[in-house]
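The sequence and the structure come first.

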Amino acid sequence: MDLGIAGKTALVCGASKGLGYGCAEALVREGVNVVIVARGAEVLEAAAKTLVGAAGTSGTSGAFVKHVAADITTEAGRAAVFALGHDFDIVVTNAGGPPPGDFRNWDREAWIKAVDANMLTPIELIKATVDGMARRGFGRIVNITSSSVKSPIDILGLSNGARSGLTGFVAGVARTAVAAQGVTINNLLPGSFDTDRLKGTMAGAAQKSGQDFDTVWEARKKNIPARRFGTPAEFGAICAFLCSMQAGYMTGQNVLADGGAYPGTY
Ligand SMILES: NC(=O)c1ccc[n+]([C@@H]2O[C@H](COP(=O)([O-])OP(=O)(O)OC[C@H]3O[C@@H](n4cnc5c(N)ncnc54)[C@H](OP(=O)(O)O)[C@@H]3O)[C@@H](O)[C@H]2O)c1
C-alpha cells in the first residue's frame, strides 16, 4: 500500500535504536524526510547512515535523513531540533522510559524526571508543531507510550503514572484542538518488544526475583499469546500506517501492539 506521505518531513525522537529507530526506518522507506534525535552521537550517526541506505534500497533516495544529538527532554535539546527550521508534518515522540523500582524509593526528583520525559516533553513537542500542521491542513503525531497505561506493570510505577497523564491530555487535545484541520494525534502502546530497553527491564526483574536473565526472558515470552516479543520493524510499520493519508480518520486513539498480551475485550 502506498501510504501517500512521500516528501513529508518527520521528526522522530529517541531514534538511534529500538522502537524509535523502527519508526524512522518505516517512514524513510515511504519516502519521508526524517530528522532523528538521540543523546549518544556515535550510535545516532551510525543509525542515520543505515537509514540513508534504507532510503536508497527502497527506491526513495530523494528523502533526506538528518540527525541531531540532543536530549529531547530538555528545552535546549528541543531548541536544537527546531533550529533546523523544518515544518514537521509528522512527529513521533519518544524518550527512554523511567527506571524500574519500588515506589517507596522514588522521591520528588524521580517523579519530576519521569513526568518531564514521558508526559511534558511530548506535550511540548505537540505544542510546538500542531498549529503549523493545522495551518497546512495535514499533520500526524504519534506518541510512543506503553501497554502499561492499560495494564500497569508493578515495577514500572513511574512509567504507569507519567504516561497516563499524557494519555489523558492527548484524549482531549486530539479531539478539541486540531481534528478538524487534518491533524491526528494518537498513542502507540508497545507491549514487549525486543530492544535494549526490554533487556534492561528484564534484567531488573531477574535481579528482583533472584532468577537468571534467560529464565525470566523465556518465561515472559510464554505469557504472551503470540509466544514471542515484537520487533522494532513491526512497531515501525504500525507507526507509519498511523502517519499515513489512509489513517486520517483515526485520532485520539490508544493503539496497542502487544502480541495479544492485554487480556481485555476493549
Ligand atoms: N521495548 C519495549 O518492550 C517497551 C515496552 C513498553 C514501553 N516501551 C517504551 O518505549 C520507548 C522506547 O523504548 P525502546 O525499547 O525503543 O528503548 P531503547 O531500545 O532503549 O531505545 C531508546 C532510544 O531513545 C533514545 N533516548 C533515550 N532517552 C532520550 C532522551 N532523553 N533524548 C533523546 N533520545 C533519547 C536512546 O538513545 P540515547 O540513549 O543515546 O539518547 C535510544 O535511541 C521507551 O519510553 C520505553 O519505555 C518499550
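Helix α6 gives the largest share of the shell around the ligand, 3 residues. Helices and strands here are DSSP runs numbered from the N terminus (helices H or I, at least four residues; strands E, at least two). The model is predicted, with local features needing pLDDT of at least 70 and side-chain atom pairs pLDDT 80 or more, while totals for chains, interfaces and linings use all residues. Residues are numbered from 1 along each chain as its sequence is written, and side-chain values use heavy atoms, without hydrogens and water.

**Ligand shell**

The ligand is surrounded by 29 residues, and the closest are S16, L19, A95, R163 and T195; a residue counts as near if one of its heavy atoms lies within 4 Å. Both α1 (18-29) and α6 (196-209) supply at least two residues of this shell. By class, the shell has 10 nonpolar, 13 polar and 6 charged residues, with Gly counted as polar, and Asp, Glu, Lys and Arg as charged.

| Residue | Distance to ligand oxygen |
|---|---|
| K17 | 3.3 Å |
| R39 | 2.8 Å |
| G191 | 3.2 Å |

The protein covers 90% of the 880 Å² of accessible area that the ligand has on its own (Shrake-Rupley method, 1.4 Å probe).

**Strands β6 and β7**

Strand β6 (residues 183-190) runs parallel to β7, joined by 4 bridges; strands pair if DSSP finds at least two bridges between them. L188 has V255 of β7 as its bridge partner.

Technical notes. Polar contact = N/O pair within 3.5 Å; in protein donor to acceptor, adjacent residues only side chain to side chain.
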